[in-house]
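Q: Could you walk me through this one? I'd like to begin with the terms and then go residue by residue.

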Amino acid sequence: MDFKPSYIIFIIRKFAEHYKMTTKQAYLYLKQYAGIEFLDDCYEAEHQQSVATAIEDLTMVCQNHGGGLRYA
């Protein structure tokens, strides 16, 4: 069974909660700034980390691709 799609959806929701945005807004932001691609490409490592670490990693990836959110 492939858990990757469920994990990606879960992390998008947690990212949205962290930044107080809707799930749709979070998805669009992550898609625009390479976050979704990162989650897909790095699933094997990321799903073994805490949710907080995954959000921090996503934030850094998106910043490196022009995103403006900062992890707090």
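A: Contact here means heavy atoms within 4.5 Å. This is a predicted model, in which local features need pLDDT of at least 70 and side-chain atom pairs count only at pLDDT 80 or more, while totals for chains, interfaces and linings use all residues. Residues are numbered from 1 along each chain as its sequence is written, and side-chain values use heavy atoms, with hydrogens and water left out.

Q: OK, what is His-18 in contact with, leaving aside its neighbours within four places in sequence?
A: With that exclusion, His-18 is in contact with Ile-55, Tyr-71 and Ala-72. His-18 and Ile-55 lie 37 residues apart in sequence, and their C-alpha atoms are 8.1 Å apart in space.

Q: And where does His-18 sit?
A: His-18 belongs to helix H1, residues 4–18; helices are DSSP runs of H or I with at least four residues, strands are runs of E with at least two, and both are numbered from the N terminus. His-18 counts as partly exposed because its relative accessibility is 27%, given that buried means under 20% relative accessible area, exposed over 50% and partly exposed in between (1.4 Å probe, protein chains only).

Q: Switching to charges, how many salt bridges does the structure hold?
A: There are two salt bridges, each being a side-chain nitrogen of Lys or Arg within 4 Å of a carboxyl oxygen of Asp or Glu. One of them joins the side chains of Lys-4 and Asp-40 at 3.0 Å, N to O, and this pair links distant parts of the chain, with Lys-4 in helix H1 and Asp-40 in helix H3, 36 residues apart.

Q: What about Lys-14 and Glu-17?
A: Their side chains meet in a salt bridge at 3.5 Å, N to O. Because Lys-14 and Glu-17 are three residues apart in helix H1, about one helical turn separates them. Lys-14 is partly exposed, with a relative accessible area of 28%, whereas Glu-17 counts as exposed at 52%.

Q: Is Glu-46 buried or exposed?
A: Glu-46, found in helix H4 (residues 43–46), is buried yet has no salt bridge, and the nearest side chain of opposite charge, that of Lys-4, is 13 Å away. For that search, Lys and Arg count as positive and Asp and Glu as negative, while His and the chain ends are not counted. Beyond its neighbours within four places in sequence, Glu-46 is in contact with Tyr-7, Phe-38, Thr-53, Ala-54 and Asp-57.

Q: Now the core: which residues touch the most other members?
A: In the largest nonpolar core, which has 21 residues, they are Tyr-7, Phe-15, Leu-30, Leu-39 and Leu-58. Such a core is a set of buried Ala, Val, Leu, Ile, Met, Phe, Trp, Tyr and Cys residues joined through side-chain atoms within 4.5 Å. H1, helix H2 (23–32), helix H3 (35–41) and helix H5 (51–64) each supply at least two residues of this core, and H1 gives the most, with six.

Q: Last topic, where is Lys-20?
A: Lys-20 lies in the loop between H1 and H2, and has a positive phi of about 55° although it is not a glycine. Most residues other than glycine have a negative phi. Lys-20 is exposed, with a relative accessible area of 76%.

Q: What is phi of Ala-34 near?
A: Ala-34, in the loop between H2 and H3, has a positive phi near 75°. Ala-34 is buried, at a relative accessible area of 15%.
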